[in-house]
Structures are given as structure tokens and as C-alpha cells.
Amino acid sequence: MSIFKKIFFIDFIKGLSLTLGYEVSKSVTMRYPDEEKWAPYQRFRGLHTLNRDAQGRELCVACELCAKACPTKCITVVPMEDDKGIGISDRIAKVYEINLVRCMFCGLCEDACPTTAIRMGRDYELACFSLDCAAADKKRLLAPREIPQEFEGGYVVMARLERNKEGINIKPDLTRKKRWW
Amino acid sequence: MDINTLIEVALIIVKVIFVSLILFTLPIPLTWIERKVAGHIQVRLGPFRVGPHGILQPVADMIKLMFKEDIAPEKADKWLFRFAPLFAMIPAFAVYAAIPFGDKITIPIINKEVTLYISDMNVGILYILAVGGISVYGIILGGWASNSKYALLGGIRSSAQMISYEIALTFSCIGVVMTSNSLSLLDIVKFQSGTILGFIPNWNIIYQPIGFVIFFIAALAEINRIPFDLPEDEGSLAAGYHVEYSAMKFSFFMLTEYVAMVTASVLAVILFFGGWDAPLFMPEIPIFWFVAKVGFFIYLFMWIRFTLPRYRYDQLMSIGWKILLPLSLLNILITGLFLL
């Protein structure tokens, strides 16, 4: 049998047919910055978001529990009185800053939050050229995100690479999605 | 000198220029195809960013190679180092003087019959094997002149490999020469036209299966493709004989390698697969079938490259001397018995 195998190159042909099978199979490459982008699952722990309620009021009441719970002490909260109805109560955050260099994205802040104001979002492109963007201020945390919270995630979505003066932005198109494998 | 001779000479010059141009530009699509094949076999995409599906990647690579610094090591033998790529390249191109790409075609407008080969040598196969064998000098000289131990080892390996596999390669061709009774490639192809039993193409692969297997394995070793690419073994010799080369000199070596691969495919097609003979009642289109078959063989070489691991050096030698050489002699013997 083994001599038969050797004469007719059986193992060699098996190997070739295996590689041919892989050649015609779909590739697993994600064409990440150019055409595709990974939209993470909802459980993903990326850049934090500060949420608003249905009326558009800030949910954060500046109780500072997140800052207390933070193991790396990267959250700075300065509360202030407010009677204009910006927040859900008369106490809102004057300063809400997360030092992203120190943050280890453990998610303890969202566990500690009594009003579900702070949630881990799904932005993961946090690299930048200066340390300025390493501190996420309140404005940035409140801004709406490209992947909304309701989006299911766990897909590769089509995306468009945009270059401008500030840097590179990869804009996802959430309607065109596909499973990675 | 009359006008007809002048036209003939002009025609040959045009053909030579045309063939050289094609050979010079051939590595551009071939590198792209090779990288694509590699990518898809490894479940990747291969080059994708320069041009649609990365099709301009080899052009970008070429521009990069042109503008790279041309480095010669301080203690290298400068002259040999400079001329080694040419020594490798010229024989690889010279081989094509004897290779027929088709029979005759009539050019429509000037209504003149043109042969699709530069010359029909009556010792074509001998010429190709002999001139193709010279190509190894470039590799040896390049390895020697670099004054680097890796390059030298690559050169030495290359010479040993060439010597052992050249014999098996030549012997496997002898079987074909015996059946078709000619050394001319044109006659060999003409001998293979027609069919057996009405539908099987009358190709030499039917009569010479062992010969073809030996030829194919020996050709893989001759052109330094992967199961036998010991001269440029990345794992143990970094890059073998072209370790010290950069820029255009390096690209000449790469060009040689690709041209040699095309030569091996062309030879396999002419000797064993009927040249431009159309298979299975397909219509005869000039050059098309020839190019299609050669393309298949080039693809096969790439396919094998990304399937098989590299042989060890002692395995390479024992395959060459202990298996291929006796087998090729046996093949000649069997062919001779059948011819009697």
C-alpha cells in the first residue's frame, strides 16, 4: 500500500487538493481600514459613553460613585448645582473627565453607576498623535456615537476610510453587514 | 542582398525584440499572481491596496526596486558581483531563441506568413538544456562574489543541485526525443498532433508518464522552486545566493527566476503536452492553447510552492541520485524496448 502511495503520489495529490480547497474558500481577511470594520458586540468595553434619557436630559447626577469605584482613579467628577433642567436632577457634572491612558476598561464604573449614565461604548480607535485626546471630557463622552447602542454588533460592516487634517476616520455603514466567517 | 532577405532579417529582429519585451514584462503579472495564489491558499487576500485587487502592486515594487540604493559589499569581488546577475539572466533569455510558440500564422493586412518562433534549430532541445544550464553560473558567481558565507553556501548548494538534477532532466527528455525521432522542438510538437482511438490526444504524456514525472521533478529543482529551493533557503541561509544583492541587481535575479519558471513550463508543454495542439476537438486558435497550457503549468508551480515544505539537503541529493537518475535510465530502456 505504501509503495502504491509512493508511486502514484497519493499524499502529494491529497496535499494539493487541500490547498486548492483553501484557495477557493472565502478568505478571512478583514479589509479593515479601507473597506470593512469590525462592529463589536454590545458587551464590548470600549470608549465610555455618557447617556441621556428619552427627554434628552443627562442621566449623570455627579454622585462620583464611578470615580470611587475606579481601580485606577482615572475618572474626575466635579459636581455643580443646576436648575435649568440639563440633568435629571438638580445636580449635574461640571467636569466629567476620563483619563484614557490610565483607564483599563474594566467596566466597574458602569456597575457602580446608579442611573446607568455611564456605559462602556464600542469605539476602539483611540490612538492619536498627542496626549490631548487621551483625556475624554464630558463633551466627547456625551457625543452620539457612530455605532448606536441598539445596534446588535458582532458583524463586519462596510466602512469608508476618510482622511482629513485631524487624522483618519473610518466611517462605518451599519446597513451593509456580514458575518466574519 | 535582395529585398526578401532584408525582410526576413527585419522580421527576426522584430520577433527577438518582441519576445524579449514579453519576457521582461512577464514577472510583473507573475509576481502579482504568485502573491495572490499564496494569499488565497493561506486564506488571506494577498495584495489589495495598490489598484483594484492590488493589481498595480508589482509596478509599485518595481519602482521601489529602481530607487533603492545599489549596495555592493566592501570586500566583494566588484566585477563579478556586478556581472553575476547578467550571467544568470542572459542564458535564461537566450533559451527563447529556440522555443516555438506556435506554427505559422498569416498576418492579415500585409498578407505575409510569419513563423511563431525565432529559429527552428535542428538541435533545439539540446540547445535549450545546454544554454539553460549555463544560467547556474550566475548563481554560483553571485554567491562567490558576495564574500558572504550564506551567499557562498547558496551558490555551492545551487551548483550541486544543478549537476544532480540536470542529468535526470536531460535523460527524461531523451525518452521524448527517442519516440519523436527528432531533437527539433517543432518536430516534437508536430509528432504529437492527432489522436489515439479518435479522442485521446496523441501527446507524449501518454507514452512517457514516467518521463514526465521525472522531468517535472527535475525541472522544479532546476528552477529552484519550493520543494527544492535550497539555494535560497530562507530558513537556514537567509536568502541564499542573493543575500547581498539589492535594487536592480536583485531584481535581475528575480527576473531570471521567473523566466526560468516560464521556460520550464514551456518545455513541459512542448515535450509532453503537445505544444499548441488543441485538446479534445477544441478549435485550433494560434498561440491560445499554448499559452493556456503554459499558464496551467505556471499555476501548478505556484500551487506546489505553497503546498509542500522544503526538502532537507541530503534528501534532495538522495532523491536526485538514488531515485530520479535510475528511474530516468529505466525510462530510456523501456522506451527503447517499445520502439523495437
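How far apart are the end C-alpha atoms of helix α9 of chain B, and what span should its 14 residues have? Good morning, colleagues; I shall answer that first.

The end C-alpha atoms are 20 Å apart, which agrees with the 20 Å that 14 residues should span at 1.5 Å a residue. The expected span is 1.5 Å times one less than the number of residues. Helices here are DSSP runs of H or I with at least four residues, strands are runs of E with at least two, and both are numbered from the N terminus.

A word on conventions. The model is predicted: local features need pLDDT of at least 70, side-chain atom pairs count only at pLDDT 80 or more, and totals for chains, interfaces and linings use all residues. Residues are numbered from 1 along each chain as its sequence is written, while chains are lettered from A and ligands numbered from 1 in the order in which they are written.

Chain B has 13 helices and four strands, and its C-alpha atoms fill a box of roughly 60 × 50 × 50 Å along the principal axes. Of its 340 residues, 41% are buried, that is, with 20 or more other C-beta atoms, placed from the backbone, within 10 Å of their own.

Let us return to α9(B), residues 209–222. Ten of its 14 residues are buried, among them B:Phe212, B:Phe215 and B:Leu220. Their cover includes α6, α8, α11 and α13 of chain B. After the helix comes B:Asn224, with a positive phi near 55°.

Finally, eleven residues of chain A are in contact with twelve of chain B, contact meaning C-beta atoms, placed from the backbone, within 7 Å.

Methods: Contact = placed C-beta atoms within 7 Å. Buried ≥ 20, exposed ≤ 12 C-beta atoms within 10 Å, placed from the backbone.
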